[in-house]
Amino acid sequence: MSDQEIKKIVKEKYGKAALKVTSAGGSSSCGSASSRGECDPITSNLYTDAETHDLPVEATAASLGCGNPTALAQLEPGETVLDLGSGGGIDVLLSARRVGPAGKAYGLDMTDEMLALARENQRKAGVDNVEFLKGEIEQIPLPAGSVDVIISNCVINLSADKDRVFAEALRVLKPGGRLAVSDVVVRGEVPAEIRRSVELWIGCVAGALEEGEYREKLAKAGFEDVELEPTRVYRVEDAREFLAGTGIDADAIAPQVDGKFMSAFVRARKPAD
């Protein structure tokens, strides 16, 4: 499957997820809308009530992430933040609060339906220091050296060209700028059946990098001070959940993936020179 084919499938799936939230006020999650839901082991229980209290319910319902990068990124007042793959906008709106009126939060997404939902969520939340941009994370529509912090929530693993993503992230960061993303990461070898499953590309699993490879790609792109902190390790029962509906024999393959998939918070820094 080509990079463009993968991108097309991801775009269609996330567009449908946005429409589901918009039309029915329902919830969505990272993965197949028919087989995943609020009990999803990757997307559930990521935000506190205090964080989501003043946000539109649709912003929370459309959250497709695997972590809470805004809580871990240590954002400072006045900073400019960019969210790669911003979806319904929850992390952009939370970031805008943290950087305050003197700062700014950009959200970048390639899906028209998600952008429309995010902009409506921005309007409902009454947040002014936010701008949503249409584009791809492999080609960020911002000038070099324009942002202080890049965040992302379970999106980079969906890209078929992660080297390009990291190179673009480095380009748009200011010297000394920070990358602070949540992503699904793999420890050790993964069965070929997982990698071949298109459905799991959309489900934040099959495109995940191995931990060492993630570190290597960031370093190759030019980042320094790379840190990877596990935030949630998935066990056999979780594997059965995210293999459901893919046509893979979950019982046969689950022992091979026990503890190998994890959500992680990945930090890195652009050199100051």
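Modeller: What follows begins with the whole chain, goes into the core, and then turns to some residues and charged pairs elsewhere.

Please keep in mind that this is a predicted model, in which local features need pLDDT of at least 70 and side-chain atom pairs count only at pLDDT 80 or more, while totals for chains, interfaces and linings use all residues. Residues are numbered from 1 along each chain as its sequence is written, and side-chain values use heavy atoms, with hydrogens and water left out.

The protein has 12 helices and 8 strands, where helices (H or I, at least four residues) and strands (E, at least two) are DSSP runs numbered from the N terminus. Of its 273 residues, 57% count as buried; buried means under 20% relative accessible area, exposed means over 50%, and partly exposed lies in between, with a 1.4 Å probe and protein chains only. Among the contacts (heavy atoms within 4.5 Å) with a separation of 6 or more, 77% are between residues 24 or more positions apart.

Now to the interior itself. In soluble globular proteins, nonpolar side chains tend to be buried together. A nonpolar core is defined here as a set of buried Ala, Val, Leu, Ile, Met, Phe, Trp, Tyr and Cys residues joined through side-chain atoms within 4.5 Å. The largest such core holds 30 residues, and the members that touch the most others are L82, I150 and Y214. At least two residues of this core come from each of β1 (80-84), β2 (104-109), β4 (147-153), α7, β5 (173-186), α10 and β8 (261-269), and α7 gives the most, with 5 residues.

L82 shows what such a position looks like, for when residues up to four places away in sequence are left out, L82 touches Y106, L108, I140, L142, V147, V149, I150, I151 and V172. T80, found in strand β1, is buried with a relative accessible area of 15%. With the neighbours up to four places away again left out, T80 touches K104, Y106, S146, V147, D148 and V149.

The partners are F166 and Y214, whose ring centres are 5.5 Å apart with 50 degrees between the planes, which makes the pair tilted. The rule pairs rings of Phe, Tyr and Trp (its six-membered ring) if their centres lie within 6.5 Å, and planes under 30 degrees apart count as stacked, over 60 as edge-to-face and the rest as tilted. This pair links distant parts of the chain, since F166 lies in helix α7 (residues 162-172) and Y214 in helix α10 (residues 211-221), 48 residues apart. Both F166 and Y214 are buried.

A second, separate core of 20 residues includes C154, A206, A208 and Y234. C154 sits in the loop between β4 and α7 and is buried, with a relative accessible area of 1%. Its phi is near 60 degrees, a positive value in a residue other than glycine. Q74 likewise has a positive phi, of about 55 degrees, without being a glycine, but Q74 is exposed, at 61% relative accessible area, in the loop between α4 (69-72) and β1.

Away from the cores, the charged pairs deserve a look. The structure holds 11 salt bridges, a salt bridge being a side-chain nitrogen of Lys or Arg within 4 Å of a carboxyl oxygen of Asp or Glu. In one of them, D112 meets K134, with the closest N and O atoms 2.8 Å apart; because D112 lies in helix α6 (residues 112-125) and K134 in strand β3 (residues 130-134), the pair ties together parts 22 residues apart in sequence. D112 is partly exposed at 44% relative accessible area, and K134 is partly exposed at 47%. Another salt bridge joins E229 and R267 (3.1 Å, N to O), and since E229 is in strand β7 (residues 224-233) and R267 in strand β8, it ties together parts 38 residues apart in sequence. E229 is partly exposed at 36% relative accessibility, and R267 is partly exposed at 25%.
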